[in-house]
Amino acid sequence: MNANSIIKYLLTLDKNEQQKVFNFLEEKLIIGSLTTQIKEDIKENRFASGKVCPHCKSNEVSKNGKYKGKQRYMCKSCNKTFTDFTFSPCYHSKKDFSKWLEYIKCMVAGYSIRKCAEIVEITVPTSFSWRHKILDALRLYIGTGHVSGLVEADETFFRLSYKGNHSKNALFTMPRKSNKRGPNSKKSIDEEPKKRGISKNQVAVMCALDRNGNIISELICNGRMKYKDVERLFKDRIEEKSILCIDSHKSYIRLDSNFDVDIQKIETGKFKKGIYHIQHINSYHSRLKKWMDRFNGVATKYLNNYMYWFKWIELFKTDKDSMKCKRLFVQSHTSYSNTKIEDFKNRKPLYI
Ligand SMILES: [Zn+2]
């Protein structure tokens, strides 16, 4: 049987059967070559400007044989050994590389911790730690970023959540009464009226977009936003002479005098002022809120990771899925990030 006759035969199968063949081929061929490419790309990215020791950043590095098929290196400066994956999310993992790839695929699809655990066949705690190891590393890799030209900015709010802080941690005391879970509890999350009744029980996330596709999305404060919060976010992150479209919030008031940018205020209730508007940022926020709904409220200390995850999805939304998997894997394994499971419980929310 040759390829043509196989294809001819495949066309006679129903959609379900064809899908099974497709999945098989994807698994066997695409994933196999993807694995090789990913490993090569991580190595190339990490050693982009010469071999570097992840422990002490020295360039005095030499090869030191292979262990379980992995190239080892030796640092002449600190005498420590390392591999291409030291201080990356899968460093120290006993699970196969294919499991990590499967997990990355689930993250590209935006699945919950539980759903990822079911698909990859790992426990929920493992799924949780993989998620935040990957996101911590990705956050380091893509960074806050900067914007220029025609920029839209606005803030959005998430309910402060201490989810996951109390169990197994005797030192933790709730700073406020716990939100009772009930049939209406989900509705109240993230649906507080904007700019009215903002309390310390909310976290402000500031997002800014420009027309070149750059995105900033950061937790900036707890409760009502002040000028100093906005200043801290934009300092060195907005190019001079940019045009910044914002709503009429008074926290932006001194931006134009302190930052050489042209401020275009869009009055409350109005959507457009000639070519200036905040429709892109409003639509980014509504996509973000809709996407976050599936996670049923994220603990504030992990919210930043979710902001970066969504930012990443938006940055590469036009890529094909296989490209997205490769990109997410490589980018999250390029930076040196050493998240340890024991650090999770004492983690604090990351405000910029
Ligand atoms: Zn070293």
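**Exercise 1.** Decide whether F344 is buried or exposed in this predicted model.

*Solution.* Take the relative accessible area of F344: 6%. Buried means under 20%. F344 is therefore buried. Now take Y302. Its relative accessible area is 6%, so Y302 is buried by the cut-off of under 20%.

**Exercise 2.** Classify the ring pair of Y302 and F344, and find which parts the pair ties together.

*Solution.* Start with the centres: they are 6.2 Å apart. Rings pair if their centres lie within 6.5 Å. Next, the planes: they stand at 70°. Over 60 degrees counts as edge-to-face, so this pair is edge-to-face. Last, place the residues. Y302 lies in helix α10 (residues 300–315). F344 lies in the segment after α11 (321–332).

**Exercise 3.** Treat Y103 and W130 in the structure's set of 18 aromatic pairs the same way.

*Solution.* The distance is 5.5 Å centre to centre, with 75° between the planes. This pair is edge-to-face. Y103 belongs to helix α3 (residues 97–108) and W130 to helix α5 (residues 124–142). The pair thus ties together parts 27 residues apart in sequence. Check burial: Y103 has 0% relative accessibility and counts as buried. W130, at 4%, also counts as buried.

**Exercise 4.** Name the lysines whose charged ends sit over the rings of Y111 and F158.

*Solution.* Over Y111 sits the charged end of K115, 4.0 Å from the ring centre. Over F158 sits that of K289, 4.3 Å from the ring centre.

**Exercise 5.** Which residues form one aromatic cluster?

*Solution.* The members are Y284, W291, F295, Y306, W309 and F310.

How values were computed: Residues numbered from 1 in each chain as written. Predicted model: local features only at pLDDT ≥ 70, side-chain atom pairs only at ≥ 80, totals over all residues. Heavy atoms only, no water. Phe/Tyr/Trp six-rings, centres within 6.5 Å; stacked < 30°, edge-to-face > 60°. Helix = DSSP H or I, 4+ residues; strand = E, 2+ residues; numbered from the N terminus. Buried < 20%, exposed > 50% of the residue type's maximum accessible area, 1.4 Å probe, protein only. Lys NZ or Arg CZ within 6 Å of the ring centre and 35° of its normal.
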